[in-house]
Amino acid sequence: MSNSSIKPIVFYTHSTTPNPRKVAIFLEELAIPYTANSVEISQVKQAPFTDVNPNGRLPAIEDPNTGVKLWESGAIIQYLIETYDKEGRLTYTSSPEKYELNQWLMFQMSGQGPYFGQAAWFSHFHPEKIPSAIDRYKKEITRVVSVLDGWLQNHKFLVGDKLTYADLAFVPWGNAAKGMNADNSLELDKYTAYNKWLEEMLARDSVKKVIG
Ligand SMILES: N[C@@H](CCC(=O)N[C@@H](CS)C(=O)NCC(=O)O)C(=O)O
């Protein structure tokens with residue numbers, strides 16, 4: 001399918017939040033036509049949005065080209081890559097790389113997204129200030145960054161010798177953590193391999209369009 005014959009994907013999003021931004025980066029990178037359907041966060045736990053995602057969270061997609069409807073950003077990214085990256089620009093189909101891609105995406109989905117999200121929640125939105133909760137989740141940001149940095153000291157990318165979906169999946173929460181580290185209270189500045197990798201991705205046109 002050439003991109004000009006693709007019908008626009010319906011993309012349920014909220015443009016300032018990291019998980020929808022993860023998907024937006026791939027729609028832009030792969031030049032997939034889409035219609036952004038912006039949903040207020042206050043509306044996500046009720047119909048009609050819960051008819052799209054029973055878990056009441058963004059993002060979600062409906063693809064009229066295939067009939068596929070999905071939620072959970074990691075599942076959506078893997079679907080977009082399998083369906084619309086036939087040349088394998090951002091992926092590998094060889095072993096062990098395809099398994100390693102999945103491994104890093106799982107780490108992003110279970111280790112980065114939820115913990116960075118909780119750090120933001122307890123620091124900025126939770127009605128009470130609970131120092132032990134803030135401390136726990138902020139320390140986890142630093143720990144996850146240190147894991148990535150350790151790997152990136154000897155590797156330019158997470159998998160293989162090119163940028164893949166595994167790298168790009170880390171960008172929106174990485175950028176959010178950069179915001180939380182404005183005063184270097186998370187001590188992220190010392191992770192130079194990680195910062196170089198993140199900055200290179202933040203400079204891509206697709207990412208700048210999504211994150212601004
Ligand atoms: N694991 C989910 C997390 C989705 C998520 O937490 N989305 C946030 C926006 S970044 C949301 O919809 N929050 C609204 C709420 O939880 O009520 C994914 O990666 O898609």
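In E3, Ala60 is the bridge partner of Tyr12, and this pair belongs to the three bridges over which strand E1 (residues 9-13) and strand E3 (residues 60-63) pair in the antiparallel sense. Strands here are DSSP runs of E with at least two residues, numbered from the N terminus, and two strands pair if DSSP finds at least two bridges between them. E3 is also joined by four bridges to strand E4 (residues 68-71), again running antiparallel, with Asp63 standing opposite Val68 in E4. E3 and E4 form a hairpin with four residues between them, and Gly67 in the turn has a positive phi of about 80°.

This is a predicted model, in which local features need pLDDT of at least 70 and side-chain atom pairs count only at pLDDT 80 or more, while totals for chains, interfaces and linings use all residues. Residues are numbered from 1 along each chain as its sequence is written, and side-chain values use heavy atoms, with hydrogens and water left out.

The ligand is surrounded by residues that include Thr17, Ile41 and Met109, where being near means that a heavy atom of the residue lies within 4 Å. The table gives polar contacts, which are pairs of N or O atoms within 3.5 Å.

| Residue | Residue atom | Ligand atom | Distance |
|---|---|---|---|
| Arg57 | side-chain N or O | oxygen | 2.9 Å |
| Leu58 | polar backbone atom | nitrogen | 2.8 Å |
| Glu72 | polar side-chain atom | nitrogen | 2.8 Å |

The protein covers 80% of the 510 Å² of accessible area that the ligand has on its own, as computed by the Shrake-Rupley method with a 1.4 Å probe.

Note on methods: A polar contact is a pair of N or O atoms within 3.5 Å; within protein, one must be able to donate a hydrogen and the other to accept it, and residues adjacent in sequence count only if both atoms are side-chain atoms.
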